[in-house]
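This briefing covers a surface patch, a strand pairing and a set of charged contacts. Please look over the sequence and the 3D structure before reading the points below.

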Amino acid sequence: MAKPLAKADWIWKDGEFIPWDEAKVHIMSLAVQFGSSVFEGIRCYTTSQGPAIFRLRDHLRRLRDSCRIYRMDLDYSPDQLADACMATVERNGFDACYIRPMVLRGLGQGMNPIGIPIEVYLLSFPWGTYLGEGALEDGVDACVSNWQRMEPNTFPAMAKSAGHYNNAQLIKMDAVMNGYAEAIALGPGGLLSEGSGENVFLVRNGILFTPTLDGTSLWGITRDTIITLAREMEIPVREQPIPREMLYTADEVFLTGTAAEVTPIRSVDQVKIGEGGRGPITRKLQERYLATVRGEVPDRHGWLTRVPRAVAAAR
């Protein structure tokens with residue numbers, strides 16, 4: 001069963017803070033009727049220098065890209081949205097949290113969304129380990145989903161749109177109902193695509209493999225982070241088409257995502273992967289990733305945005 005959502009006190013809506021329970025969307029909004037909205041998921045971590053948001057600018061760039069693809073006019077600049085994200089963390093008093101920017105189409109009818117009012121929300125709330133307690137250390141069991149990802153040029157997979165996640169929910173429910181923590185979906189050509197909310201990596205003979213971005217999966221910011229860190233650690237990386245059977249013959253498999261972070265897969269379809277736990281390369285990458293997001297190593301890429309305590313003035 002899904003856990004109840006932990007509430008925060010305040011939500012940023014179109015430039016103002018409103019109480020959590022007063023955030024309302026009309027039943028006839030296009031966001032409700034047709035899933036006409038885009039969103040992001042961003043983590044803020046506790047560091048020795050206070051809260052820090054990981055790759056905030058990259059997430060906000062992807063949010064704006066999603067809006068552009070769906071022709072949603074976003075009136076706020078990246079600087080305004082970044083300030084609002086920091087103010088949301090500060091206002092709610094979080095040291096660590098999940099941040100959910102949402103851009104919604106409002107009240108309207110019919111298939112033409114042009115000219116429909118746009119509403120922008122920024123939420124923050126506590127969120128622990130996505131795939132369950134111990135998942136990062138012990139790994140989880142996964143399956144290959146009966147549901148596939150979309151054909152390219154049907155939905156724009158590069159946009160993080162709410163409507164796309166009906167497919168992801170089917171993938172996730174398929175896994176959970178059959179006793180797995182997560183599922184990995186194939187693309188329409190039968191090759192590996194992604195999980196319900198994560199990108200997938202395999203390790204074989206010391207080489208890190210991940211599927212190409214082929215129009216069936218999201219460009220994951222955590223995916224990009226892991227590829228960057230792996231190359232810095234001199235781990236060979238190959239982005240290429242990957243057949244399903246490589247899951248069963250891999251030495252290691254892991255998932256990446258803002259929520260999932262770096263989660264090892266210990267079995268796929270009841271086939272044990274490697275030694276059935278977190279493999280050595282997965283461990284190295286996971287440790288480097290967590291040290292990076294927690295500010296325990298130098299921020300060589302400028303990925304951390306510190307949340308200054310004085311940001312309250314930006315409210």
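In the hairpin of β9 and β10, Gly190 takes a positive phi near 85°, and five residues lie between the two strands. This is a predicted model, in which local features need pLDDT of at least 70, side-chain atom pairs count only at pLDDT 80 or more, and totals for chains, interfaces and linings use all residues. Residues are numbered from 1 along each chain as its sequence is written, and side-chain values use heavy atoms, with hydrogens and water left out.

**Strands**

- Strand β9 (residues 182-186) pairs with strand β10 (residues 192-195) in the antiparallel sense over three bridges.
- Strands are DSSP runs of E with at least two residues, helices are runs of H or I with at least four, and both are numbered from the N terminus.
- Two strands count as paired if DSSP finds at least two bridges between them.
- Leu186 has Leu192, in β10, as its bridge partner.

**Salt bridges**

- The structure holds 14 salt bridges, each being a side-chain nitrogen of Lys or Arg within 4 Å of a carboxyl oxygen of Asp or Glu.
- One of them joins Arg62 and Glu40, with the closest N and O atoms 2.7 Å apart.
- This pair links distant parts of the chain, 22 residues apart: Arg62 is in helix α2 (residues 56-69), and Glu40 is in the loop between β3 (37-39) and β4 (42-47).
- Arg62 is buried because its relative accessible area is 7%, and Glu40 is buried at 0%.
- Buried means under 20% relative accessible area, exposed means over 50%, and partly exposed lies in between (1.4 Å probe, protein chains only).
- Lys172 forms a salt bridge with Glu182, the closest N and O atoms being 3.5 Å apart.
- Here Lys172 lies in helix α5 (residues 165-177) and Glu182 in strand β9, 10 residues apart.
- Glu182 has 0% relative accessibility, so it counts as buried.

**Surface patch**

- Val25, Ile27, Met28, Val32 and Leu107 make a nonpolar surface patch of about 440 Å².
- Patches are made of residues with over 30% relative accessible area and no salt bridge, with like charges joined within 9 Å and nonpolar side chains (Val, Leu, Ile, Met, Phe, Trp, Tyr) within 5 Å.
- Accessible areas come from the Shrake-Rupley method with a 1.4 Å probe, and for residues only the protein chains shown count as cover.
- Met28 sits in the loop between β2 (16-19) and α1 (30-34).
- Met28 counts as partly exposed because its relative accessibility is 34%.
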